[in-house]
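Let's take a friendly walk through this structure together. Please have the sequence and the 3D view at hand.

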Amino acid sequence: MSKISVAELRLAFCCGAHLQLGRSSVIRLIDTEVIRMICDEAAKFSVSNNASETSDFRSIAEAVEHVPDGATILLHPGIYEERSIVVTARVTLSAMVMPQLNKLCDCEEEEEEQEEEEAEQEEQQ
């Protein structure tokens, strides 16, 4: 099975959807932007080396070998110890989780507390 690009997947989806729908179908009126978003989501694949997590692949190397050109590979948190990864297509690797925002909140709270303490000290003087 040869790899196909994300653009080819989009085209196949759009052509296939077009052939499946009747002329009076409301779905024919879907904005092309929505179809593009659906196709973009279809071009995302996940990797997790944790057997209890659902993912498309268990290793980065396996994902890179099998995803289509232009795909995004989302990495679940973990340590991936892999020998070599041969990249033969244009792919994007991305972390699955966002950084913890509570660290930013803690800093803001500390600043507010410090400002309040300074204001109290000024009032006492």
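## Overall architecture

Please keep in mind that this is a predicted model. The protein chain holds four helices and three strands. Read from the N terminus, these elements follow the order α-α-β-α-β-β-α.

Of the 125 residues in the protein chain, 20% are buried. The chain exposes about 10,000 Å², and 53% of that area comes from carbon and sulfur atoms. If we take the contacts between residues at least 6 apart in sequence, 41% of them join residues at least 24 apart.

Now let's turn to Ser 46, which sits in strand S1 (residues 44-47). Ser 46 counts as buried because its relative accessibility is 10%, and the cut-off for buried is under 20%.

Which residues does Ser 46 touch, leaving aside those up to four places away in sequence? The partners are Thr 54, Ser 55, Asp 56, Phe 57, Leu 74, His 76 and Met 96.

## A negative patch on the surface

Our last stop is a surface patch of negative charge, where Glu 112, Glu 113, Glu 115, Glu 116, Glu 117, Glu 118, Glu 120, Glu 122 and Glu 123 gather.

One of these residues, Glu 115, is worth a look: its place is in helix H4, which covers residues 102-124. Is Glu 115 buried or exposed? With a relative accessible area of 53%, Glu 115 is exposed, since exposed means over 50%.

Definitions and conventions
Residues numbered from 1 in each chain as written. Predicted model: local features only at pLDDT ≥ 70, side-chain atom pairs only at ≥ 80, totals over all residues. Heavy atoms only, no water. Patch = residues over 30% accessible without salt bridge, like charges linked within 9 Å, V, L, I, M, F, W, Y side chains within 5 Å. Areas by Shrake-Rupley, 256 points an atom, 1.4 Å probe, with all protein chains shown as cover. Salt bridge = Lys/Arg side-chain N within 4 Å of Asp/Glu carboxyl O. Lys, Arg positive; Asp, Glu negative; His and termini not counted. Charge placed at Lys NZ, Arg CZ, Asp CG, Glu CD. Helix = DSSP H or I, 4+ residues; strand = E, 2+ residues; numbered from the N terminus. Buried < 20%, exposed > 50% of the residue type's maximum accessible area, 1.4 Å probe, protein only. Contact = heavy atoms within 4.5 Å.
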